[in-house]
Amino acid sequence: MKNIQIVPGEMTLEQLRTVAAEPVRVELIPECRESIRKSVATVADVISSGRVIYGINTGFGLLANTIIPNDELEHLQRSIVLSHAAGIGDLMDESTTRLLMVLKINSLARGYSGIRLEVIEALVKLVNSQVYPCIPKKGSVGASGDLAPLAHMSTVLLGEGEVIYGKKRLSGREGLEIAGLQPIVLGPKEGLALLNGTQASTAFGLEGLFATENLFSSALVAGALSVEAALGSRRPFEPAIHEVRGHRTQVDTAAAFRHLLTEMSEIGLSHKDCEGVQDPYSLRCQPQVMGACLSQIRNAAEVLVTEANAVSDNPLVFAESCDIISGGNFHAEPVAMAADNLALALAEIGAISERRIALLIDTHMSKLPPFLVEKGGLNSGFMIAQVTTAALASENKSLAHPASVDSLPTSANQEDHVSMATFAGRRLLDMAENTAGVVGVELLAACQGLDFRAPLKTSPLLEKAKEKVRALVQFYDQDRYFAPDIEKASELALSGTLNYLVPEGLLPGVTA
């Protein structure tokens, strides 16, 4: 397992990508302990002074005006965890749960939450032992934080709830024993600190971001392969066109296509003096469309890495001024809008890819055999594969409807505007799977087209991409059981395997 050292508030996209991808061992830097200790001491001082502070010695939500006696504060914190563990539906994937837990550790360790180091370190031990709480995917509106998901995470610390360990579902108490822990008695503020926060929404959003980046790279490669297979022009990618418009992401995307296609190839030379004037939009407008998608990716990455390092529980403890302030950092509107923008990008990446597939199978447009197979009629070739991609692209149009514009009041109208960020992030992986299906079919179709152009070759980088595809799926010489081929190509598109082919620094969460 890789080691991740958490400097609270300074986690990088690279670290977060690693956490999402595989089990890790995390450790907190020792320097964070003092700020954690001071925040706990501040809570104790406030209680001893007799001040009334929301969530520490009051009820929650609309019950905020109910004062809780000091001898019942521990019971208050236990009760909020158990009562708020009200999620429903399929469980989060282990990767999502691991990312959520690391995000929570990172936030709490900044020292503004009034929670003891031993509670934070208990979460660290669970992560390092690969003991993952069972957290239902559904049940959060993304304000006042991701209450239900984080409550399910927190039940395990109490010896309640359930965990997944080694693919087995065990009791929370058994999970604690595996991690070498005992059930924790929560102190004042600690239950609320665990439950408040945007970590579920942000985990979903980050996983969606990483999937979108992988698909963006794969779609650039597939689009460049299609340009060559369809005997498209390189002229639309020339820098002068994009510099005069000025959008940085469009400029960068055009440069990425030039990087992939290179100045010329054997296939390019074969039609250098052809009579074609303009290619269809799905070929020549790729820098404009994919550049706009890149804008959404870069903006979402900035928002999500900020949120990943944020303190988003409530109230917040400011030890330096000995003050505890109730606010609204748990409202996940920034995450919701970032996820909605990623949804637009995913939908458009798939939509323009589907149009290129349609172009390639149309012999009048591509000058390739009908449906990309010899003996058309006897063989149907890519006919229904394109129909499948049309279905996937259409489904993504519905899923791309923004979640952030919706709100249903909760907690007897105390929480009267919510973000719906959790669903906004959660639906991204469904969309990513759809888009992967589309881009995967395009990779197959474009490579099929290139094989028909043999012995002419495309650029060196695109030849490498073709080799990756052909290592998994062979040339489609006659009709065969097609679904396994599509599955392999879709997995390739979503895996990030092709990320190394695009210029370094193009995508914020992808490093060499």
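**Labels and the values behind them**

Modeller: This is a predicted model. The protein exposes about 21,100 Å², and carbon and sulfur atoms supply 53% of that area.

Biologist: What makes the radius of gyration agree with a compact globule?

Modeller: A compact globule of 512 residues would have a radius of gyration near 24 Å. The protein has 26 Å, which agrees. The C-alpha trace spans about 85 × 50 × 40 Å along its principal axes.

Biologist: How much of the protein is buried?

Modeller: Buried residues make up 56% of the 512 residues. The cut-off for buried is under 20% relative accessible area.

Biologist: What share of the contacts with a separation of 6 or more is between residues 24 or more positions apart?

Modeller: Such residues account for 79% of those contacts.

Biologist: How many helices and strands are there?

Modeller: The secondary structure comes to 20 helices and 9 strands. Take helix 20, residues 483-495.

Biologist: How do you know that the reach of helix 20 is close to the expected one?

Modeller: Helix 20 has 13 residues. At 1.5 Å a residue, 18 Å is expected. From first C-alpha to last, helix 20 reaches 18 Å.

Biologist: Which residues of helix 20 are buried?

Modeller: They are D485, I486, A489, S490, L492 and A493.

Biologist: Why say that the buried residues of helix 20 line one face?

Modeller: Look down the axis of helix 20. The buried residues fall within an arc of 160 degrees, so they line one face of the helix. They pack against helix 9 (199-229), helix 17 (383-399), helix 18 (421-452) and helix 19 (460-472).

Biologist: What follows helix 20?

Modeller: G496 does, and its phi is positive, near 90 degrees.

Biologist: Now the rings. How many aromatic pairs does the structure hold?

Modeller: The structure holds 6 aromatic pairs. One of them is F382 with F482.

Biologist: Why is the pair of F382 and F482 called edge-to-face?

Modeller: Ring centres must lie within 6.5 Å to pair, and planes over 60 degrees apart count as edge-to-face. For F382 and F482 the centres are 5.1 Å apart, with 85 degrees between the planes.

Biologist: What does the pair of F382 and F482 tie together?

Modeller: F382 lies in the loop between helix 16 (363-366) and helix 17. F482 lies in the loop between helix 19 and helix 20. So the pair ties together parts that are 100 residues apart in sequence. Ring pairs also link F382, Y476 and F482 into a cluster.

Biologist: Is F482 buried or exposed?

Modeller: F482 has 13% relative accessibility, so it counts as buried. F382 is buried too, with a relative accessible area of 2%.

Biologist: Why is Q130 called partly exposed?

Modeller: Partly exposed sits between the buried limit of 20% and the exposed limit of 50%. Q130 has a relative accessible area of 30%, so it is partly exposed. Q130 lies in the loop between helix 5 (117-128) and strand 4 (132-133). Its phi is near 55 degrees, a positive value in a residue other than glycine.

Biologist: What is the phi of T262?

Modeller: T262 has a positive phi of about 60 degrees, although T262 is not a glycine. It is found in the loop between helix 11 (248-261) and helix 12 (266-270).

Biologist: Which residues does a cis peptide bond with omega of about -5 degrees join?

Modeller: That bond joins N314 and P315. P315 is in the loop between helix 14 (286-308) and strand 8 (316-318).

Key. Residues numbered from 1 in each chain as written. Predicted model: local features only at pLDDT ≥ 70, side-chain atom pairs only at ≥ 80, totals over all residues. Heavy atoms only, no water. Helix = DSSP H or I, 4+ residues; strand = E, 2+ residues; numbered from the N terminus. Expected span 1.5 Å × (residues − 1). Buried < 20%, exposed > 50% of the residue type's maximum accessible area, 1.4 Å probe, protein only. Arc of directions from axis to C-beta. Contact = heavy atoms within 4.5 Å. Rg over C-alpha atoms; globule rule 2.2 N^0.38 Å. Areas by Shrake-Rupley, 256 points an atom, 1.4 Å probe, with all protein chains shown as cover. Phe/Tyr/Trp six-rings, centres within 6.5 Å; stacked < 30°, edge-to-face > 60°.
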